[in-house]
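This report covers selected local features of one protein structure. The sequence and the coordinates come first, followed by the notes on them.

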Amino acid sequence: MKKFNIRKVLDGLTASSSSASAQPGALRENDAVQETLQSEHFQLCKTVRHGFPYQPSSMAFDPVQKILAFGTQNGALRLFGRAGVECYCQHESGAAVIQLQFLINEGALVSALADDSIHLWNLRQKIPAILHSLKFNRERITYCHLPFQSKWLYIGTERGNIHIVNVESFTLSGYVIMWNKAIELSTKTHPGPVVHISDNPMDEGKLLIGFECGVVVLWDLKCKKADYRYNHDEAIHSVAWHHEGKQFVCSHSDGTLTTWNVRAPAKPGQIITPHGKQPKDGKKPEPCKPILKVEYKTTRAGEPFMVLSGGLSYDTVGRRACLTVMHGKSTAVLEMDYPIVDFLTLCETPYPNDFQEPYAVVVLLEKDLVLIDLGQIGYPIFENPYPLTIHESPVTCCEYFADCPAELIPALYSVGSRQKRQGYSKKEWPISGGNWGQGTQSYPEIIITGHADGSIKFWDASALMLQVLYKLKTAKVFERARGKEEKSSTDIVEEDPFAIQTLSWCPESRMLCVAGVSAHVIVYRFSKQEVTTEVVQLLEVRMQCEFSEVDSPDPGGEQTPTLPTPGASSSPQETELSTQPSTGSNSSDGPRDNIPCLQVRSSPLKQSPGYQVELVIQLVWVSGEPPQQITSLAINSSYGLVVFGNSNGLAVVDYLQKTLLLNMGTSELYSPSDPYQRQPCSPRKARQPSGDKPNGTSYMSRLSKLYTRSLKKLRSPHLRLSESNDGANATEDRCKSPTSGSTSPYNSDDERKQKFIEKVKFKSRRFSKTVANDFAKMSRKISSSSEQKPDLEEGFQRWRSLSCKKSINCMNKGKAASRMSQKAGVCRTKSAPDSYVKDNSFTRSRSSSVTSIERESREAISAFLFCESFPRKTDSVLSPCLLVGTTQGSVMMVALSLSPGGDNRLQQPVGISSCGTLVRLKGGILTMALLDSTATLLPPSYEPWYDPNASDEEKEKSRRRRPASPPSSQEGQDPQFAVLCSEKQAKVVAMPSQTRIYKHNITETSFVLRADVVQMAGANCIACFCANGHIMTLSLPSLRPLLDVNYLPLTDMRIARTFCFSNLGQALYLTSPTEIQRITYSQETCNNLQEMLSELFTPVETPEAPNRGFFKGLFGGGAQSLDREDLFGETAAGKASRSLAQHIPGPGGMEGMKGAASGVVGDLARARIALDERGQKLGELDERTAAMMASADSFSKHAHDMMLKYKDKKWYQL
């Protein structure tokens, strides 16, 4: 019985009551907005899966249909045809696929699973489905074999028996080959599991059975007895026939190959050790590693090919996996990058009794797929057209852009085509089956993936396909350590210091900005011309931390923060500091200071066409404390600005002037009279948490199990810092308000102050490095195929800690002045500390009590939005603005003052002023957007793309900024709506009055991981993905729930890091370390999905059987056929035991296939097939009619002759 959960009921009532709560006075302002989106526009379904099959375990190939199939350890099937033709399906049990067998040219596939079940898949429909299943109860399946053009499947088991299944009805035959009848009666031991089954190519009545112990038996199916038995001391791994059926080859566990003549079972005709060292005295070669598989393929005009995997000598420790190709007297050893899972030799004919004529070898590796061309000297590989390199380096971030500018994909492809490797085979990709979909979806789609090695890949994702366009290597900007001994001590991550953490891309201007885990930001411009950059422009930002007085014994009065003013001069002392040379301190006697985590290269940088470095921004160490990693990032090409933030605060950089405009802590963004400013309050006054509880306690307390382990790590350094107050006052001081009369370190004796600061620095340094290392290790860990699932409780909190947690409470010290200095060939811009007065008191939210979680949480920057809006309530004219969202749910407005375009923009400074808090939400801010009075999305302004290396005339022609949207002239109506979404709720605020008109509580028991404002069916909505697996959409501006589907619970941190929505109802996430799963929440796309998907099966005629020749037909030397129906049918063999296996009908029968194959293309295909069948039947009917007429004529003639013969005879003469 399902457990009743009152909490969910209350959650539903709360959500329904607050789903579209609006302020009474604000409804009038939104009466004119007509929303067109309805629930009927939304439906959720998977579309296609891209990438390399995760943890592959088996492979099969249809030589007529030219289709390649893979099975994985989690029960998935991936099928590939020509480029762009791929399909994914999943076994419900999730058991590993141990073997696959195609029904060649029949549009069907048999899969054998590790749970001892076999399944028949129908591939004649676009979404394959299971027709039949058979579950064995008493025996374990070890090997399967399906002869070409046969409906009887041989199944070998762990007990050594062989059962036979009719693949049409999926029923067991009563014919069974028992192991004790197959081996010698004198044998005292069990032969082991069946490892091989195959029929003689020239005689279908003879079955070759290989047992693990080394025994091979040639079984006569008709006589039901063993003709020959071949014994060898070493265990067998595989067996391969010569096409004439007179000899076969076995591979063994000692690295040997034995060749046996069928009629000479006493001893093998030949024993070779391909990789064994041959002793000079003629002794037996030293044993080698097992040869796991061997294939023996013949050619009509030359020597046969023998292809094998394994068999290397034991002294080659550490050597990579190899595939050996033996052709005549030559032996080629081909090293692979990963261990070999399986391989198949592709041949010209599907008939086993003809010359095979091999032309390629498909090698399935653990993390790659390789096709080797056997027809060219040196065995080159084919260029792989499939998108199987997503995992080339672990994916650390992902973004999805639908409906991009049309010229983007050709531009990226033109520069990416020059990056292709050389030396591939000149032949076309041999796996060419299937047909592309016929869908009408034609808008361009681009996926961008950031990787752990610092690379960024652009993918063309249009029309449900995926193709790599361009690859950018950000690590080229930095110096690389040649060895571990040269590794810099300033690194904040142990592994993958160049890993991409977040990125911001403007498709219209093609500006790209990326942030890495080593606290660095790189700005790129797109150019079609190659340039050599002599000096890399570098801007070093010093985000200094000071310590709040939470645990210090200082009394301290409350100070009012003074907001920085652009262009304000620093104090004389700090102005002098700003003119000092850019020298950092990294000596062993003193703390590290003014040192970046990575060293920018000093030599000239050759930049190919594509994305080229415009500016590098690095956060530096400050007084021994490492820089905090960047949590949010945004770029605007129209303003020429880049903004980034972390747990310390935010910084605004003018990448045109290469200067730092603003560097301040989060708390400094609050105005002095801001009602949302976190004022100090005494922890003694215990208060009930209110509804506006900040992110630090709103959902984390409800998910204590998820955060327990990492909270202990966060709590311990904080408690140790608290214990630094010695004596009995330590406990008392921890309970006092920070402003309640304790002694400040600045006013107490210097020794105590210095001791306290040193302890805090030490704890902060150790914690910051731990957090950074966790991110890099997590990126590495997900790519390991042998890993266990990462601990979700610890992994999620570590990921969250990158953005909003730290062990101590500290504030930023901003910088106002910057300068340029050249050092070691790198153009550096250093920023001097400013003299702004900051609030040194411990400030918190006014609406919550002091808890340990709140003490450890820090208000980090979580979201940015460049826009043109009304910075203040009193403004009536649109002006450039920056919306800033924090992890505590605050949304603040920053006004930007920009000079007109042209030369003035490069000479005049940009003015920045904070306008205070706009609104506050529960949970951290995830996304922000701006709508006009008709609820139309107002995207950030941008500058049209121009080639930075082109002539000045071309630049001026293209550098026309997009005009701002004119404000509405209607009286009494706000011209804009600000849409804000956090981890808990969404709000719509009218501008410039800054009044909330709509609010919706998205979830009470969970939290939102990803939210985006997207365009859908000509309107806009908010799309959300929650940690409890729900995907939801909300209308705009009324925030009505339109979709709520429990789709995918958060089972892996990879999903949380890579899930992203895009326009037109598209979304994606990394479902495994190597695969991208694309989904749609659009009803229109779901309806057209059948037409958009590719088609695996295409009608192809089976090649003609080989000609037996006159003499072979005359003397019986050709292939011997066998009527298996007479042997294995119920009439001859009887019924099998019901307890042996259970038949399970699948959902993919004819009824399911007819229901699945819908749409215009499906109708046309069915009509064409029906027409062909009707024509065929009419032709057969004509033939039968003609035959009957001829028979009737013959009968009439004979009757007439008979009548004439006996016409004149009397009765007694008869």
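## Conventions

Helices (H or I, at least four residues) and strands (E, at least two) are DSSP runs, numbered from the N terminus. The model is a predicted one, in which local features need pLDDT of at least 70 and side-chain atom pairs count only at pLDDT 80 or more, while totals for chains, interfaces and linings use all residues. Residues are numbered from 1 along each chain as its sequence is written, and side-chain values use heavy atoms, with hydrogens and water left out.

## Cis peptide bonds and positive phi

P1037 lies in the loop between β58 (1030–1035) and β59 (1041–1046). The peptide bond that leads from L1036 into P1037 is cis, with omega near 5°. A cis peptide bond also joins M991 and P992, where omega is about 5°. P992 is placed in the loop between β54 (985–991) and β55 (995–1001).

Q994 is likewise found in the loop between β54 and β55. Its phi is near 60°, a positive value in a residue other than glycine. Q994 has a relative accessible area of 18% and is therefore buried; the term means under 20% relative accessible area, with exposed over 50% and partly exposed in between (1.4 Å probe, protein chains only). Y379, not a glycine either, has a positive phi of about 50°. Y379 belongs to the loop between β28 (369–373) and β29, and it is buried because its relative accessible area is 14%.

## Aromatic pairs

A pair of aromatic rings is described by the distance of the centres and the angle of the planes. Rings of Phe, Tyr and Trp (its six-membered ring) pair if their centres lie within 6.5 Å; planes under 30 degrees apart count as stacked, over 60 as edge-to-face and the rest as tilted. The structure holds 27 aromatic pairs. One of them is F401 with W505, an edge-to-face pair at 5.0 Å centre to centre with 80° between the planes. F401 lies in strand β29 (residues 395–402) and W505 in strand β33 (residues 500–506), so this pair ties together parts that are 104 residues apart in sequence. Both F401 and W505 are buried.

The rings of F478 and F498 have centres 5.9 Å apart and planes at 25°, so they are stacked. F478 lies in the loop between β32 (467–473) and β33, and F498 in the loop between β32 and β33, so the pair ties together parts that are 20 residues apart in sequence. F478 counts as buried at 4% relative accessibility, and F498 counts as buried at 10%. Elsewhere, F42, F1025, Y1047, F1059, F1061, Y1069 and Y1081 form one aromatic cluster.

## Charges over rings

A charge sits over a ring if NZ of Lys or CZ of Arg is within 6 Å of the ring centre and within 35 degrees of the ring normal. The charged end of R592 is over the ring of W621, at 4.8 Å from its centre. R82 lies over the face of W436, 5.7 Å from the ring centre.

## Surroundings of N166

N166 is part of strand β12 (residues 162–166). With a relative accessible area of 9%, N166 is buried. Leaving aside residues up to four places away in sequence, N166 touches K151, W152 and T171 (contact means heavy atoms within 4.5 Å). A polar atom of the N166 side chain lies 2.9 Å from the backbone nitrogen of E168.

Key
Polar contact = N/O pair within 3.5 Å; in protein donor to acceptor, adjacent residues only side chain to side chain.
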